[in-house]
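User: Please take a close look at one part of this protein. I would like one connected account of that part and its setting.

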Amino acid sequence: MAKWARRPPSSKQVKLVLGIIVVALVIFGLERLFGTPDWMILNDMPRGGRINR
């Protein structure tokens, strides 16, 4: 924060960060509203939740 106080980011950089946050929140909201797509769910998850390779 001290670095930002001494040399604040440009307005382009602030808009970029806010845009990324908005996109992430929209994706989160859509997943909460419609659920997780089937292709994203692991079928044979080992016990303990760890994937061994």
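Analyst: Start with the whole surface. The protein has an accessible surface of about 5,800 Å², and carbon and sulfur atoms hold 62% of that area. Keep in mind that this is a predicted model. Of the 53 residues in the protein, 0% are buried. The fold has 2 helices and 0 strands.

Now to the part itself, helix 2. Helix 2 covers residues 11-34. That run counts 24 residues. From first C-alpha to last, helix 2 reaches 34 Å, close to the 34 Å expected at 1.5 Å a residue.

Next, its nonpolar side chains. V14, V17, L18, I21 and L25 make a nonpolar surface patch of about 430 Å². One of these residues, I21, sits in helix 2. I21 has 42% relative accessibility, so I21 counts as partly exposed. The cut-offs are under 20% for buried and over 50% for exposed, with partly exposed in between.

Finally, the end of the helix.

Definitions and conventions: Residues numbered from 1 in each chain as written. Predicted model: local features only at pLDDT ≥ 70, side-chain atom pairs only at ≥ 80, totals over all residues. Heavy atoms only, no water. Patch = residues over 30% accessible without salt bridge, like charges linked within 9 Å, V, L, I, M, F, W, Y side chains within 5 Å. Areas by Shrake-Rupley, 256 points an atom, 1.4 Å probe, with all protein chains shown as cover. Salt bridge = Lys/Arg side-chain N within 4 Å of Asp/Glu carboxyl O. Helix = DSSP H or I, 4+ residues; strand = E, 2+ residues; numbered from the N terminus. Buried < 20%, exposed > 50% of the residue type's maximum accessible area, 1.4 Å probe, protein only. Expected span 1.5 Å × (residues − 1).
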